[in-house]
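Work through the exercises below with the sequence and the structure open side by side. Each task is followed by a solution in steps.

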Amino acid sequence: MEYILIIISAIFVNNILLSQFLGICPFLGVSNKLSTASGMSMAVCFVITLATVVTYLLNSLLVKFGLEFLQTISFILVIAALVQMVEIVLKKISPALYASLGIFLPLITTNCAVLGVALTVVQKSSPFAAAANGMMNLGEATVYAFATSLGFGLAMVLFAGLREQLALNNVPKSFKGIPIALVTAGILAMAFMGFSGLV
Amino acid sequence: MGKFQLITKGLIKENPTFVLLLGMCPTLATTTSAINGMSMGLATTFVLILSNIVISAIAAYIPDKVRIPSYIVVIATFVTVLQFVMQAYVPDVYETLGLFIPLIVVNCIVLGRAEAFANKNSVGDSALDGIGIGLGFTCSLTVLGLVREILGSGSAFGFKFIEGDGILAFVLAPGAFLALGYLIVIFRKLTSKKAE
């Protein structure tokens with residue numbers, strides 16, 4: 001039951017793009033076409049889940065030695081290294097998957113959604129934690145990360161679909177490009193606000 | 001480019017928010033009020049200036065292949081310093097901005113300036129560039145925050161001038177997108193007129 005709550009909350013209510021504003025750069029940058037948007041979402045999904053598990057374990061090590069202040073710097077390094085490694089491993093094991101995700105992988109290092117989720121799950125005041133000390137356990141953290149990235153994918157694909165339609169329309173000159181995309185995103189975010197209160 | 005231009009270009013010509021469209025996440029997330037926007041801008045400026053100085057000083061010694069990771073380490077170091085400083089002196093602001101302080105590490109403005117400016121210019125120029133871009137970022141965040149605060153809660157810099165609530169949506173997520181979208185349009189209109 002707890003897991004279902006986490007999933008619904010992370011996908012709809014606290015959608016990472018439309019209500020938490022993490023990962024806006026790819027949201028605006030690669031949402032011109034549906035195919036690139038879904039490719040990016042898959043790559044992000046993969047990296048967020050993996051990075052969260054690794055940084056969660058790393059964090060318990062940091063806590064053990066009382067080095068919590070190193071979280072930011074060590075997490076970003078781990079994420080950067082992980083992305084590189086994923087790229088190398090994918091290239092060897094599954095060239096097909098690499099071909100579809102490949103170009104998006106290097107971009108993900110600086111995607112704040114990855115670092116954002118990794119930092120969120122190790123915070124002491126997580127609303128979804130079952131444990132008494134207020135921190136998610138590894139299972140919850142993994143589910144949360146996966147569901148968050150599904151939410152990322154959902155918003156991304158919806159938005160790309162809207163923008164594909166938008167490209168066919170005649171937009172006033174000053175609105176061309178990003179401004180009209182932002183206004184569209186605003187309306188999409190308003191629609192997602194309808195989910196608030198669900199959990 | 002003159003020294004003065006290095007500082008002023010961030011305000012209009014290379015405004016990071018309205019022209020270059022960099023660092024969108026903190027821009028949208030932290031501008032619920034003018035004060036919040038300004039604090040976020042100043043926090044980013046702090047990191048930007050210091051990382052620009054250090055990166056321009058050490059750029060010559062870093063092998064080309066590992067430059068991005070090295071820059072990220074430098075930036076992350078200053079972000080950690082900033083976290084300590086803010087926790088010590090302005091704990092309230094630190095609480096409000098929350099997650100977005102550590103996320104300055106992945107703010108594309110900071111890495112972008114390191115890559116585009118600091119690694120091929122002198123220490124002094126890089127510091128000025130950091131000040132200029134940081135100032136531009138702070139100004140646009142304050143403006144966006146001010147607009148959202150006026151529309152959303154009927155106050156400016158914390159001073160309330162109407163009774164009751166404003167249009168609540170502008171403080172919440174959708175308002176951020178809408179306000180930024182329209183502000184960019186206004187900014188484009190104004191600057192294109194000037195160019196003609």
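A residue is buried if 20 or more other C-beta atoms lie within 10 Å of its own, and exposed if 12 or fewer do. The model used throughout is predicted.

**Exercise 1. Decide whether B:L21 and A:F21 are buried or exposed, and describe the phi angle of each.**

Step 1. Locate the residues. B:L21 sits in the loop between α1 (3–8) and α2 (24–30) of chain B. A:F21 belongs to the loop between α1 (2–13) and α2 of chain A.

Step 2. Count neighbours. B:L21 has 21 other C-beta atoms within 10 Å, so B:L21 is buried. For A:F21 the count is 27, so A:F21 is buried.

Step 3. Read the backbone. Most residues other than glycine have a negative phi. B:L21, which is not glycine, has a positive phi near 55 degrees. A:F21 is not a glycine either, and its phi is positive at about 55 degrees.

**Exercise 2. Describe how α3(B) packs on α4(B) and on α6(B).**

Step 1. Take α3(B) with α4(B). Their axes come within 9 Å and cross at roughly 140 degrees. Angles over 145 degrees would count as roughly antiparallel; α3(B) is therefore oblique to α4(B). The crossing is right-handed.

Step 2. List the contact residues. On α3(B) they include B:F46, B:V47 and B:L50, and on α4(B) they include B:I75, B:F78 and B:L82. By class, this contact has 12 nonpolar residues, 1 polar and no charged.

Step 3. Take α3(B) with α6(B). Helix α3 (residues 34–58) and helix α6 (residues 108–116) of chain B meet at an angle of about 25 degrees, with axes 10 Å apart. The two are therefore roughly parallel, and they cross in a right-handed sense.

Step 4. List this contact too. Among the α3(B) residues are B:V47, B:S51 and B:I55, which face B:I109, B:V110, B:R113 and B:A114 of α6(B). The classes are 6 nonpolar, 3 polar and 1 charged.

**Exercise 3. Find which residues have the most contacts inside the largest nonpolar core, and trace the contacts of A:L115.**

Step 1. The largest nonpolar core has 113 residues, and those with the most contacts inside it are A:V114, A:L115, B:V47, B:I75 and B:V105. The largest share of this core, 11 residues, comes from helix α8 (residues 138–166) of chain A.

Step 2. Set aside neighbours of A:L115 within four places in sequence. A:L115 then contacts A:F75, A:I76 and A:I79 in chain A, and B:L103, B:V105 and B:V106 in chain B.

Notes
Residues numbered from 1 in each chain as written. Chains lettered and ligands numbered in written order. Predicted model: local features only at pLDDT ≥ 70, side-chain atom pairs only at ≥ 80, totals over all residues. Core = buried A, V, L, I, M, F, W, Y, C linked by C-beta atoms within 7 Å. Helix = DSSP H or I, 4+ residues; strand = E, 2+ residues; numbered from the N terminus. Contact = placed C-beta atoms within 7 Å. Axes fitted to C-alpha atoms, helices over the stretch in contact; angles between N-to-C directions. Parallel < 35°, antiparallel > 145°, perpendicular 65-115°, else oblique. Left-handed = near helix turned anticlockwise from the far one by under 90°. Nonpolar A, V, L, I, M, F, W, Y, C, P; charged D, E, K, R; others polar.
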